[in-house]
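I opened my notebook to record, step by step, what I looked up in this model.

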Amino acid sequence: MELAVGGMTCAACAARVERRLNKLPGVTASVNYATEKAAVQAPSALTVAALVAEVERAGYQARPVRRAEPAGPDERVRSLWRRLAVALLIGVPLADLSLTMVLAPSLRFTGWQWVVAALTLPVVTWCAWPFHRKAVIAARHGTSSMDTLVSLGIVAASAWSLYTIFRTGGETGQGDGALGLLLRPAGSVYLDVAAVVTIFVLAGRLFEAKAKRAAGDALRALAMLGARDAAVLDEDGTEHRVPVGRLRVGDRFVVRPGETIATDGTVLSGDSAVDTSAMTGESWPTEVAAGDPVTGGTTAVAGRLVVRATRVGSDTQLSQLVALVERAQTDKARVQRLADRISAVFVPVVLLLAVATVGTRLLLGQPFEPAFSAGLAVLIIACPCALGLATPTALLAASGRGAQLGIFLKGHQALEAARAVDTVVLDKTGTLTTGRMSVVDVWPAPGVDRDTLLRRAGAVEHASEHPAGRAIEAYARQQVGALPAVDGFVAEAGLGAAADVDGHRVLVGSPRLLADRGIDTDAAEPVRTEWAGHGRTGVLVAVDGALAGAFALADTLRPEAPAAVAELHRMGLRTVLLSGDGKAAAGAVGEQVGVDEVIAEVLPADKAAVITDLRRSGRSVAMVGDGVNDAPALAAANLGLAVVTGTDVALAAADVILVRDDLTVVPAAIRLARATLRTIRGNLLWAFGYNLAALPIAAAGLLNPLIAGGAMALSSLLVVSNSLRLRGFARSDRSTPAG
């Protein structure tokens, strides 16, 4: 079953819920922080209510959900936007005013304390409310998180500042000069610290919330792929349209040209070419007739079909694709951020150190104010602003530079995975190739003029809706210009077309069409066999009952594909071509681009299985694809890369989007991801190192909280500056910023 889990603010929360559920007898649970769902396997004796209650006892909310349940408006993103906007509008003048009133007493005016207090309260209460709420919930359950430090730092800084303003009028520190004001651990006003902490952490949470919202797009896009309704046939042959959800196994429904097939079924009558590329990756439409199976989510190109439903609802292939993507996303959600892992120890240690600092000083006879100020300095110096900025600022810088290079990194998962990738799996149709059929060779029969063959075949195909016909017409126009008019056009559903051109009856189509008309095609067999060996499809032409020639059609290879594969090899990466096409077509493309291995005739579910097998063998896999059929494999890979010309489903399932329609950005994307990860690690190393070095100084009473706030801001500035170095990343540069 699945549970929707609410109230999680970091990967550590997901880990906490997962550990809590897995402690129940017989329960195996995996919590996906990105989609806020828990996939749970439990014994039948354990009720859903018991699982929900266990999640709630951990301090979170839960409810059962249906698979691929549509997501409602993301209130969390909107709420964070509102709080951040208010914090910026109030926090900036608040920080300026509080510092001015303390450092420049001559500028004070009557009632300035009340103005400062009025500006402070909205920022530290309403704007910072998400941190306070999670800190209280964590405390009620005997745990702590980054929210605990953020909340305590904001509350303590605000409370102490307001106490200082109203008790002393901000006059403390007088007579010591500027150095005394800065170094004495007592009497300062640092409401700017509370405001800046709130703004920085809200900005980091907003960035993360938007990334989480995008993580569920793959499932929603898959769910939207199918038809909304179907034309069902009654027993008397009457048609009426019903929602797809009302279809039952055994129902008969009609599919017209251009319509999406509503559900999996078997053709009862009719002939049509069916575009199955979304489900199988096969670039050439599949010809179907009575008795052939069809798949929901595919599209009838030409011809009317009557289909009997064989699988409906969650049993269809489309629904199983949804399940595959969801399962793969849950598997990779287990990667925990470094900051979240360390915070499990870091936060309690800081809290204990702050309390110990105050307690020790009081026991040694020191007055309360300097003791409390030293403890507060410990909290503020440890406040994890730099930690909160380490990842999002590097991602923002990398995203901006990546957009200029045609690369979009969707999140931290891409960075973690890119570091260890050693195998790149490439989809064929739409990735290494354009996904569009084109004429690559022409064979005129002995005694037939080539241009005459092109004009007559192109004229017939001018009226055709079939992709092969459009390719022949386009090629003919390019080669010979204007085409003659036709009479008596007849479309042979699933086989070809015929028409009268210049007084001759011209037939264009498959060998079966010509054989059915009694036309001898033996002369074309050698060339058709040769074409088939190179993955090309032959279309025959007959004029007045005699073979006139043949066209070879193939999916067009992207011109930059060989260079992209060669660059991946120079990086030391193994390459694999994965395709739903036949072995000949896939092998021909693999030979042209120079990949190490070709795996052909692979269905969507098998693509994900191939990726899983590679990972189980110890490989770290990057998958490059573009179609719906690639979505499970993109999600199952360590690193998923989708080309922008692909479907929304593939783009949503991937970790990296290749915005530029150019495969040479694949190696550049991996380099950019690795450079960004190095920068984030450098940021985290600095943030934690700074805290570890500064905490003993603050605990010793040598650091005024005002200095602590400044040092915290400086730490954040250094992190941001380091991240901005990624703007100098060069697409072909192999020595990128290390951070």
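**Entry 1**

I began with helix H4 (residues 112-127), whose 16 residues reach 22 Å from first C-alpha to last, close to the 22 Å expected at 1.5 Å a residue. Helices here are DSSP runs of H or I with at least four residues, numbered from the N terminus, and the expected span is 1.5 Å times one less than the number of residues. The model is predicted, so I noted that local features need pLDDT of at least 70 and side-chain atom pairs pLDDT 80 or more, while totals for chains, interfaces and linings use all residues. Residues are numbered from 1 along each chain as its sequence is written, and side-chain values use heavy atoms, with hydrogens and water left out.

I then looked up burial, where buried means under 20% relative accessible area, exposed over 50%, and partly exposed in between, with a 1.4 Å probe and protein chains only. Among the buried residues of H4 are Trp112, Val116 and Cys127.

Aspartate 449 caps the N-terminal end of H17, with a side-chain oxygen 3.3 Å from the backbone nitrogen of aspartate 451.

**Entry 2: salt bridges**

I took a salt bridge to be a side-chain nitrogen of Lys or Arg within 4 Å of a carboxyl oxygen of Asp or Glu, and by this rule the count comes to 15. Side chains of opposite charge can pair when their charged atoms come close.

Glutamate 473 forms a salt bridge with arginine 477, the closest N and O atoms being 3.0 Å apart. Why are these two separated by about one helical turn? They are 4 residues apart in helix H18 (residues 467-480), so about one helical turn lies between them. Glutamate 473 counts as buried at 14% relative accessibility, whereas arginine 477 is partly exposed at 36%.

I next followed glutamate 567, which is buried at 13%. Its side chain meets that of arginine 570 in a salt bridge of 2.7 Å, N to O, and arginine 570 is exposed at 53%. The side chains of arginine 671 and glutamate 567 also meet in a salt bridge, at 2.4 Å, N to O. This pair links distant parts of the chain, with arginine 671 in helix H26 (residues 665-699) and glutamate 567 in helix H21, 104 residues apart. Arginine 671 is buried, with a relative accessible area of 11%.

Terms used. A polar contact is a pair of N or O atoms within 3.5 Å; within protein, one must be able to donate a hydrogen and the other to accept it, and residues adjacent in sequence count only if both atoms are side-chain atoms.
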